[in-house]
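Grab your viewer and work through them step by step.

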Amino acid sequence: MSDVALSNGTNKGYRLPERFRPIVDDTSCKRCRRCVTECSYRAIDCVGDHIVATDGCVACGRCAAFCPTGSIEIETIPNQFPPHANFTERIRRGIMSQASTGGVLLSSCGTDVEHPVIFDELLLDAAQVTNPSIDPLREEIETITFLGRRSGKLTVSEKDSFSFISEIGPVIAMDMPLMIGHISLGSVSYNVQKALFTAAKELNIVAGSGEGGLHPDFYVYADHINSEIASGRFGVTSGYLNKVAAVEIKIGQGAKPGHGGHLPGEKVTDLISHTRMIPIGTDALSPYPHHDIYSIEDLQQLVSGLKEATEYRVPIGVKIAATHNVAAVSSGIVRAGADFLTIDGFRGGTGSSPRIIRDHAGMPIEVAVAVVDRRLTEEGLRNRVALCAGGSIRSSADMIKCIALGADVVMTCTAVLIAIGCHVCQQCHRGLCSWGIATQKPELTSRVDPGLAAMRVKNLLSAWNEELKEVLGAMGIDSVESLVGNRDRLRHFGANPRIAEIMGVKHVGEGWG
């Protein structure tokens, strides 16, 4: 949280204590002032012949990373408030900020509240004597995944006759069960979005455009882009919709379920104005609901309309936030004709969100994907749709567990930004990112080399896919499709067995069958 000046007439100029501070070793510092140039938050300065810390450090680490003599460290300042178990430092900082401004507390990235992470309470199975493992170095393990409408289901009658129900729709074949989530141009810089699209094309997966439309420069990547249509309809034209690989209707986002999008006017440059088709410098505010969707039937009309507009050539999906009625809503979405369904869980990232919603609304993706997979299976709908899931997927372990819980495809956003250089300082909404990621300032955006950034994203996701093959081999599974929804290959070892029961996962110590 940034410092806020408070004044009550008797204590003018009181400021919240700083949370971080750069410490400069004066004996090794060369006074080159590189750190001053690199810090976009002006938290370090040169006074006379000395480099000194000022206010406003967010611990982005840019100054320390580029100091040629390694003379800078970022110090976390100890809690300056008296200890209190209930009114923590975080709570008191929020109260004091709002008392000063009277405004809503904003933040970025996923929630940093220390809720339990269910992924960390799940253990993977491994093959032993009666179920031999597979060596991925010597035997092929298939990770190709299809995004789009599934082929239907096979039924067997009482007379042992087979009946195949098929409604094959357009599908996208991807080389791994991973996709880059929606990160819009505006929330991140031009160079970052170019890097993400480049990586997606070279990996043969898809990347989300975000709700800000698609810049014409990126049409060359269109066959690997999943275009998002949000309530604001920013930048939406039939021309670019007919170029992309898939179209997704955004109903909700894990970091702010029930809330609309918000791009501050400071980020709406000429480039963003052209892409989103809004005036320069104006806030891009997406309405909370789609004003033409108030029922499943309304959603069905939009799905059908988009299929008509794209001449049934691309899969049409729907993205929702994981909330308490997610299974029933998902059932309605599949019945409305969606070719794929994306669920974005609690802890999902964002460029800007009210903290009250980011930290307290929604459902963990681990529970959401499991209950949706089970509900669709029970209703005979699961084989009609591809199920995508995301919301703070941090590693290949999270990805693998998410697939076993029921996801066909796993999406990630924050992890690929960390690969590019993001330090998760939660200041994206300010547009001052010193790493050139969440900013539109030319002097900062130039700090991202699109080619190098794309290579790092490719390396990360390729490594995850290789680790997926290692785990599949250890389980004795030769295709990722056989892991989808296979919750019997997971065990829960957390403190709350009710969570395991809801997810349909056995507790550690229980065998198969």
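**Exercise 1.** Work out how H8 passes H10, and which residues make the contact.

*Solution.* On the H8 side, the contact (heavy atoms within 4.5 Å) comes from Val 326, Ala 327, Ala 328, Ser 330, Ser 331 and Val 334. H10 brings Ala 368, Val 371, Val 372, Arg 375 and Leu 376.

A word on the ground rules: this is a predicted model, where local features need pLDDT of at least 70, side-chain atom pairs count only at pLDDT 80 or more, and totals for chains, interfaces and linings use all residues. Residues are numbered from 1 along each chain as its sequence is written, and side-chain values use heavy atoms, with hydrogens and water left out.

**Exercise 2.** Check the length of helix H3 (residues 89-101).

*Solution.* Take 1.5 Å times one less than the number of residues. For the 13 residues of H3 that gives 18 Å, and the end C-alpha atoms are 18 Å apart, so the two agree. Next, look at burial: Arg 92, Arg 93, Gly 94, Met 96 and Ser 97 are buried (under 20% relative accessible area, 1.4 Å probe, protein chains only). After H3 comes Gly 102, with a positive phi near 70 degrees.

**Exercise 3.** Find the bridge partner of Ala 207 in E15.

*Solution.* Strand E14 (residues 207-208) runs parallel to strand E15 (residues 225-229), and two bridges join them. The partner of Ala 207 is Ile 225.

Notes: Two strands pair if DSSP finds at least two bridges between them. Helices (H or I, at least four residues) and strands (E, at least two) are DSSP runs, numbered from the N terminus. Buried means under 20% relative accessible area, exposed over 50%, partly exposed in between (1.4 Å probe, protein chains only). A crossing is left-handed if the near helix is turned anticlockwise from the far one by less than a right angle, and right-handed if clockwise.
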